[in-house]
Each structure stands twice: as structure tokens, then as C-alpha cells.
Amino acid sequence: MKLIVCENYEEMSKEGAKIIAKLLKEKPKCVLGLATGSTPVGMYQELAKMNKAGEISFKDVTSYNLDEYYPLAPEHDQSYRYFMNHNLFDHVDIDKSRTHVPDGLAKDPAAMGKAYDEAIEAAGGIDLQVLGLGPNGHIAFNEPEENLYVGTHLTGLTDSTIEANSRFFASKADVPTQAVTMGIGSIMKAKKIIVLASGKAKHYVIEKMLDDRITTQVPGTILKCHPDVVLLCDKEAYNG
Ligand code: F6R
């Protein structure tokens, strides 16, 4: 794992955008794996700026998002589909018909998950996966547990994740208690992964990411077994 410690959130966002921009220039028809949450917002803004300036284009990009609340309609203003449209897709030249978010209303989530993973494979696999880290070490919505799933699946959210994400909802009671999420296998198949982490709340996980052990109780640590991971964090996340 390559570690890059940035001065602050802004620098981390720019570094992340640079890595994605490099891929877009080298492989315009790439497949991106995308994350939601507060952490990648600044990086998405940087990418939108670069796109507007004509430095990069998303017009041949295909994207697959990590996760979606369940059950939640894509039109809901807290859905991850809505988040992606508002924070990235509406501001770049991407063809929205090639952007994918797991179906938060799937009647058969297991079948949807299997089809989602198959669609990623059929698209040639993810060239670059963007990840954030939950304060509890989750990646996508793979929460700390004894057993983790390989493929895209329906999962329950831990109380700490519901609490952490309640900042976006009117109240904690409004946060869905389930989500559909890529599994650890879906994520580990990506050719390259960038992990972003900012702020003191992520210090605990960063420490776990940098020791020499892996544990399903901090799912992000499994990324240590991937051959091409860049961990981008700011000084607050690094120093605590
Ligand atoms: C988002 C996702 C989550 C977040 C994580 C960190 O699609 O899969 O794992 O990356 O919860 O969220 P923020 O960035 O809001 O701290």
C-alpha cells in the first residue's frame, strides 16, 4: 500500500483528482468504481473543474457505485444515486446511462447483487475504485463482522454507521437500517484502488490500515492484500 499524507482536505482532494485524471487521459474508456460520503466531495469538485477546463473528459467512462441505502428510491434526496448526480454526474460530460448505482428498491437483492457483479465483469472490471473509510473501518457498507461477503449483497448497518450518517437525515430514525453494497471480493477485483480519509475521526482506522495485520473487524485492512492501493489521508487523519 502506498501512503500519501497530505497537508489538509483540499490537498488530499487534489491528489485524488490527479490520479483519476491520469487514468482518464491514459484510458478514456475506463471503468470507475465510485464512492459517496463527505470525503470524496472535494475530489469530485476538482474533477468537475478539470472537466470544465477541458483537461479531462468522462464521455466514454462507465461507472459503478459501491452502495445504496435499502429500501430507498433513486429520487430520494438522501439516495446515493441522487448524491452522485448532484456531486459529480450533473457537473461533468458523463453519459448518465453508463453510470450505475445498486438498486435500492430491488425486490430480489441477491439476484440484483449477482447481476451487478456480472455487469462489472462484462464491462471489463473496474480500472480504478474510489473508497472512503467508515470511522469503524467499513469499506462500502461491509461492516465489521466475523464473516464478510464476497459479492454485492444486502446488509444491515451497524448502529455506529447509522449514527454517523444521521447527520444527513432529519433524524436518526430516518436513516435506513439496511443497504445494498459491493462485497469485499467485488472491491478487491478492481485493478487499482484509492482510499481517501480525512479528519481526526478516521485516525483509529488509519492506524489499523498501517500496521501489519488484517482483520474482518476493520474491513479496510483487507486492502493490504491488494497489489495496487494508494491511501491518501490528511494530517489530521494521520496524526489524530
Ligand atoms: C460510501 C461508502 C462508505 C463511506 C464511508 C465514509 O459510498 O461506501 O463506506 O465511504 O462511510 O463516509 P464519509 O466520507 O462520509 O466519512
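Me: Which residue is the bridge partner of Gly-33 in strand 6?
Reply: The partner of Gly-33 in strand 6 is Gln-129. This is a predicted model, in which local features need pLDDT of at least 70 and side-chain atom pairs count only at pLDDT 80 or more, while totals for chains, interfaces and linings use all residues. Residues are numbered from 1 along each chain as its sequence is written, and side-chain values use heavy atoms, with hydrogens and water left out.

Me: How many bridges join strand 2 and strand 6, and in which sense do they pair?
Reply: Strand 2 (residues 31-34) and strand 6 (residues 128-132) are joined by 2 bridges in the parallel sense. Pairing requires at least two DSSP bridges between the strands. Strands (E, at least two residues) and helices (H or I, at least four) are DSSP runs numbered from the N terminus.

Me: What sheet has parallel pairing, and in what order do its strands run?
Reply: It is an open sheet of 7 strands, ordered 1-10-9-6-2-3-5. Strand 1 (2-6) and strand 5 (99-100) are its edge strands, each pairing on one side only.

Me: And which strands form the antiparallel sheet?
Reply: That open sheet has 3 strands in the order 4-8-7, with antiparallel pairing. Its edges are strand 4 (67-70) and strand 7 (153-156), each of which pairs on one side only.

Me: How many bridges join strand 4 to strand 8, and how many join strand 7 to strand 8?
Reply: Strand 4 and strand 8 run antiparallel and are joined by 4 bridges. Strand 7 pairs with strand 8 (residues 178-181) over 4 bridges, also in the antiparallel sense.

Me: Which residues stand opposite each other there, for instance for Glu-68?
Reply: Glu-68 faces Val-180 in strand 8. Val-180 is also the bridge partner of Leu-154, and Thr-155 is partnered with Ala-179 in strand 8.

Me: Changing topic: how many residues surround the ligand, and which are closest?
Reply: The ligand is surrounded by 14 residues, and the closest are Thr-36, Thr-39, Asp-67, His-138 and Lys-202.

Me: What lies 2.5 Å from a ligand oxygen, and what lies 2.7 Å away?
Reply: A polar side-chain atom of Asp-67 lies 2.5 Å from an oxygen atom of the ligand. For Lys-202, a polar side-chain atom lies 2.7 Å from a ligand oxygen atom.

Me: How much of the ligand's accessible area does the protein cover?
Reply: The protein covers 94% of the 420 Å² that the ligand has on its own, by the Shrake-Rupley method with a 1.4 Å probe.

Me: Back to the backbone: is the peptide bond from Tyr-70 to Pro-71 cis or trans?
Reply: The bond from Tyr-70 to Pro-71 is cis, with omega near -10°. Pro-71 is placed in the loop between strand 4 and helix 3 (80-87).

Me: And is phi of Ala-140 positive or negative?
Reply: Ala-140 has a positive phi, near 50°, in a residue other than glycine. Ala-140 belongs to the loop between strand 6 and strand 7.

Technical notes. Near = heavy atom within 4 Å. Polar contact = N/O pair within 3.5 Å; in protein donor to acceptor, adjacent residues only side chain to side chain.
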